[in-house]
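Colleague: Could we go through this fold together? Please begin with the terms.

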Amino acid sequence: MSSAISMASMSTYAILGCGSVGHAVAEELVAEGKDVLILDRDEGRVEALRDQDLDARTADIAEETVAEAVADRDVVLILSPNVEANKKALENIRERGEEQFIIVRASDPVTADELSDAGADVVINPSAVIADSALRALEQGELEYKAAQLADVLDDAEELAILAHRSPGPDSIASAVALKAIAAAYDVEADILYRGEIGHQENRAFVNLLGIELTPFSEADLAGYDTIALVDCAKASEPVVDRDVDIFIDHFESEVEYNAEFTDIRPNVSSTSTILTKYIQEFDLSLPEEVATALLYGIRAETLDFKRDTTPADLTAAAYLYPFANHDTLEQVESPSMSPETLDVLAEAIRNREVKGSHLVSNAGFIRDRDALSQAAQHLLNLEGITTSAVFAIADDTIYLAARSKDIRMNIGNVLQEAFDEIGEVVGHSTDASAEIPLGIFTGLEITGDNRETLLQLTEEAVRSKLFQALGVEGGSSGGESSNGS
């Protein structure tokens with residue numbers, strides 16, 4: 001029987017050893033209308049408890065008779081500061097063979113293990129509980145302090161530009177949407193600006209279905225905004241803007257130094273959407289459905305649906321958002337139809353795949369929709385025996401590469417950094433990453449109609465070689481299937 005189910009239906013309790021911890025527990029239980037029996041060896045304490053109209057009796061909890069005295073109780077809480085007495089009381093009760101739910105106080109991890117082995121259903125360590133409570137109070141205090149700082153910045157703002165990272169994904173877009181909602185509560189007009197493109201089909205569906213208004217950076221006049229905010233932009237290798245930044249929020253340490261008036265960087269959470277959710281809660285804002293849906297999707301996308309580097313903060317934020325989100329919309333976002341070009345890219349990637357061991361690398365040729373590469377890489381990762389996939393292609397004057405991995409021993413982001421960081425821009429995580437490499441730098445050739453195939457061949461040979469070398473399998477095929485990649 002689980003404790004969650006049993007505690008709801010149990011109504012009789014015994015507290016053995018009623019010091020400060022036991023007293024606090026007893027008061028809470030009695031306030032909830034529970035039938036509580038208290039046993040303690042200190043006669044003066046027992047008298048004081050009786051003066052408070054509590055059912056308290058004098059007894060040494062280590063004596064065998066105590067087990068009989070509490071035999072009719074559903075729950076027994078053994079909370080004396082004397083751990084040896086607690087252990088003896090537990091053993092005496094368990095020797096009777098009763099199916100009581102027993103909670104016992106320990107003093108350290110060693111005694112906690114001993115009490116668990118002796119039959120305790122739950123073991124608590126007051127020091128650990130106090131420390132945990134202190135840390136939660138500290139976290140809440142820091143959030144309140146940060147929220148007041150953010151409010152001060154917004155109080156002085158009139159026109160706010162919120163910049164997402166280049167070709168923003170769900171976490172960046174959702175965080176910007178949330179900050180815009182917070183700004184609106186302070187009567188601040190805000191626009192979400194972005195560079196690059198909204199390429200991935202899921203991202204386009206996300207923006208379209210939720211009616212999110214995004215403005216290309218090229219169409220905005222940054223001088224018209226008195227306040228600048230960057231959300232989820234830490235991975236940019238160069239400054240996102242060439243003017244002072246007022247607000248900087250991210251879950252990664254920034255690679256560029258911004259002397260922002262307000263900064264909140266939390267590497268201990270896995271998404272910027274989690275941070276913005278905490279601010280939504282702290283400001284006690286009425287949460288619009290589209291904002292809740294965006295934030296929930298941002299958290300789920302950044303944590304691969306809670307399968308990558310998920311923290312308790314991410315889970316509690318998602319739990320808060322869940323009842324406010326539109327789950328039909330989420331389902332539509334996560335299952336968009338595949339475009340004809342994506343299908344073509346996938347087909348080309350399948351045809352040109354080369355496998356060494358459990359690693360697959362493929363060339364998709366010349367493409368228009370570069371975001372189709374990430375979908376192709378994800379699909380190829382599902383092939384039997386494949387733990388790592390990488391798909392690359394040429395678009396305009398750039399080589400684009402998308403990689404995925406489900407090998408827990410590997411950080412695919414680090415693999416791409418090792419292979420291409422000196423000649424291109426690499427972003428990503430342990431399970432998915434991407435790279436952009438200037439084609440001219442990589443091959444030494446200019447793109448013309450006459451040398452397209454030559455470029456493709458040079459690119460293919462070089463990228464495959466660098467990737468397999470970084471993956472540690474540069475010495476020829478070690479199994480699986482292979483193609484000539486032409």
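Modeller: Contact here means heavy atoms within 4.5 Å. Helices (H or I, at least four residues) and strands (E, at least two) are DSSP runs, numbered from the N terminus. This is a predicted model, in which local features need pLDDT of at least 70, side-chain atom pairs count only at pLDDT 80 or more, and totals for chains, interfaces and linings use all residues. Residues are numbered from 1 along each chain as its sequence is written, and side-chain values use heavy atoms, with hydrogens and water left out.

Colleague: Which strands does helix α2 lie across?

Modeller: Helix α2 (residues 20-31) lies across β1, β2, β4 (75-78) and β5 (101-105), and runs at about 165° to β1. Such angles run from 0 to 180 degrees between N-to-C directions, with axes fitted to C-alpha atoms, for helices over the stretch in contact.

Colleague: And helix α5?

Modeller: Helix α5 (residues 83-95) lies across β1, β4 and β5, at about 165° to β5.

Colleague: What is the strand order in the sheet?

Modeller: The open sheet has six strands in the order β3-β2-β1-β4-β5-β6, with parallel pairing. At its edges are β3 (55-58) and β6 (122-124), each pairing on one side only. Two strands pair if DSSP finds at least two bridges between them.

Colleague: How many bridges join β1 and β2?

Modeller: Five bridges join β1 (residues 12-16) to β2 (residues 35-40); among the partners, threonine 12 is bridged to aspartate 35.

Colleague: Changing topic, how many disulfides are there?

Modeller: The count is zero, a disulfide being a pair of cysteine sulfur atoms within 2.5 Å.
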